[in-house]
Amino acid sequence: MSERVAVRKTYKLFIGGKFPRSESGRSYLVQDSNVSLASRKDARDAVVAARAAVKGWAGATAYNRGQILYRVAEMLEGRREQFVALGVPADEVDAATDRWVWYAGWSDKLPQVYGGANPVAGPYFNLSAPEPTGVVAVVAPEAPALLGLVSVIAPAIVTGNTVVVAASPAAPLAAVTLAEVLATSDLPGGVVNILTGRLPETVPTLAAHMDVNAIDLTGVTDPELAADLEVKAAENLKRVLRPAPQGHDWSADPGLGRMTSLLETKTVWHPKGV
Amino acid sequence: MTATATSARSDLSELGRSETALRTFLHGLPGVDQVGAEQRAAQLGTRSIKTTAKAEAIDLAIRMVDLTTLEGADTPGKVRALAAKALRPDPADPSCPHVGAVCVYPAMVPYVAEVLRGSAVHLASVATSFPSGQAPLEIKLADTRAAVEAGADEIDMVINRGAFLAGRYSEVYDEIVATKHACGDAHLKVILETGELATYDNVRRASWLAMLAGGDFIKTSTGKVPVAATLPVTLVMLEAVRDFRAATGRQVGVKPAGGIKTTKDAIKYLVMVNETVGPDWLHPDWFRFGASSLLNDLLMQRTKLTTGVYAGPDYFTLD
């Protein structure tokens, strides 16, 4: 009997709930695995998928979004060993799982904390309600590979945004494996889209894209690239999250800032009855 | 197509006089190789059109658009806005060409005519109890005359599919001839509604029937049935107009309509036109797209080429 040949995995992109190869057909090597090298057109396709998913995801009830994020945590727990095998420390996987649960809990609470009734001088109810801004481009931090990624994706989508994530070029395996978790956890296709490859190829396209509403530059370490991206983003007044110059402590309490900076506030005036 | 190529011109004009002659001719047309047509259309769809060629294709496609609204909810305000968009599709860019025509219901023609007066944009109106065509002939003809009097210079008629499928070809033929007469100087586009004809052989027969009866354009669909324009159906129709010109010397236009939503789709059609009938048809007088949402996608792609930045639908009008 011949010896069995092991099945090796190709790490592909995650766009619209599917796992396509890059349209350019290119790949690069990370930890002895082939990883897709996304092109400008893959970025475009990802934005189209993200835009198509906005209506359903932003329109879902906050409770439903919370359930789905919790489901992601469940699936991640089940794949713990797979991440450990990729070199992610076990306690980081646990922290990432807990982070999904933490954000899942915020889905129906954030509007109460961040919105509400405003006191006004007149016979009106005046209500402010936070709403998702739309499609968010996210540059994921390089380290910690999993916890950092989860900490930028979860706050963007919990409020109803959809995201196009440029995974860190040095740590794409955890990102693609997380995509497999997302694909099996009732998250509608297109809510999270993940591109692997070189940042200077995909991110400027996302920053300049007129159909992207916000960009999170957390993972950009080159200050010149960050400045250039901010200039591109100004064209259609995207919301921009700047990278923190001193770096992030991803194990600390995340706070509400990442969620609230990707929201729009709708304020409604309604006459009071007599 | 040796059978038709060898037909004398005089023979073809006599066909309409008898049901038998018409049937013999239409059923004598060679059958369509279904697999071959679909494979050919799919293969032409894989051509890559980039940079300057793409820019030219986009501008040509914009000039070929019949900007269409055929809804029960159409209002004078809505069709006026559509006509204004037809004149100047991209207000931010004066170099953007105008579209080929505006296509509306007969009742909306006067409002569009006000806006388009003096421009090079044509005004098309559907008629002959669009979309079913199931009305007495007199009513269909009155419908046509009313549209022309109101200012339409192109009429999109539907053929009588009930009669066609029942094999009563001369009835269909006579209706087209009568409608053509009612049109006067207006161009007549004949809608075959290929989604209801079931086979490519029927599409080829209906194309020849419409051309023999005097149609200036043959159009795939009304857009009101689930199956609208497809590449293989358009291929069959393009072959028919090519062979018809070879046999009679008269050139007939083709208009795929319904379901063409993206620039990519439109460019596939243009490639097919060029490869099947040649550059003679690559002009708004001979090829049109019946579409509504296609125009915005063309404009977005055009903006992408001029600015280098992907455009978003937020920056173009909702129709």
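**A tour of chains B and A**

Start with chain B: its secondary structure comes to 14 helices and 8 strands. Helices are DSSP runs of H or I with at least four residues, strands are runs of E with at least two, and both are numbered from the N terminus. This is a predicted model, where local features need pLDDT of at least 70, side-chain atom pairs count only at pLDDT 80 or more, and totals for chains, interfaces and linings use all residues. Residues are numbered from 1 along each chain as its sequence is written, while chains are lettered from A and ligands numbered from 1 in the order written.

Stay on chain B. Its C-alpha atoms fill a box of roughly 60 × 45 × 30 Å along the principal axes. Buried residues make up 49% of its 319 residues (buried: 20 or more other C-beta atoms within 10 Å of the residue's own, with C-beta atoms placed from the backbone).

Now select residues 34–240 of chain A. An unreviewed UniProt entry annotates this stretch as "domain: Aldehyde dehydrogenase"; such annotations may be inferred rather than shown by experiment. The stretch is 55% helix and 16% strand. Its end C-alpha atoms are 32 Å apart.

Next, select helix α2 of chain A, residues 62–78. Its 17 residues should span 24 Å at 1.5 Å a residue, and the end C-alpha atoms are 25 Å apart, which agrees. The expected span is 1.5 Å times one less than the number of residues.

Which residues of α2(A) are buried? Show A:R65, A:G66, A:I68, A:L69, A:V72, A:A73, A:M75 and A:L76. An α-helix has 3.6 residues a turn, so residues three or four places apart point the same way.

Key: A residue is buried if 20 or more other C-beta atoms lie within 10 Å of its own, exposed if 12 or fewer, and partly exposed in between; C-beta atoms are placed from the backbone.
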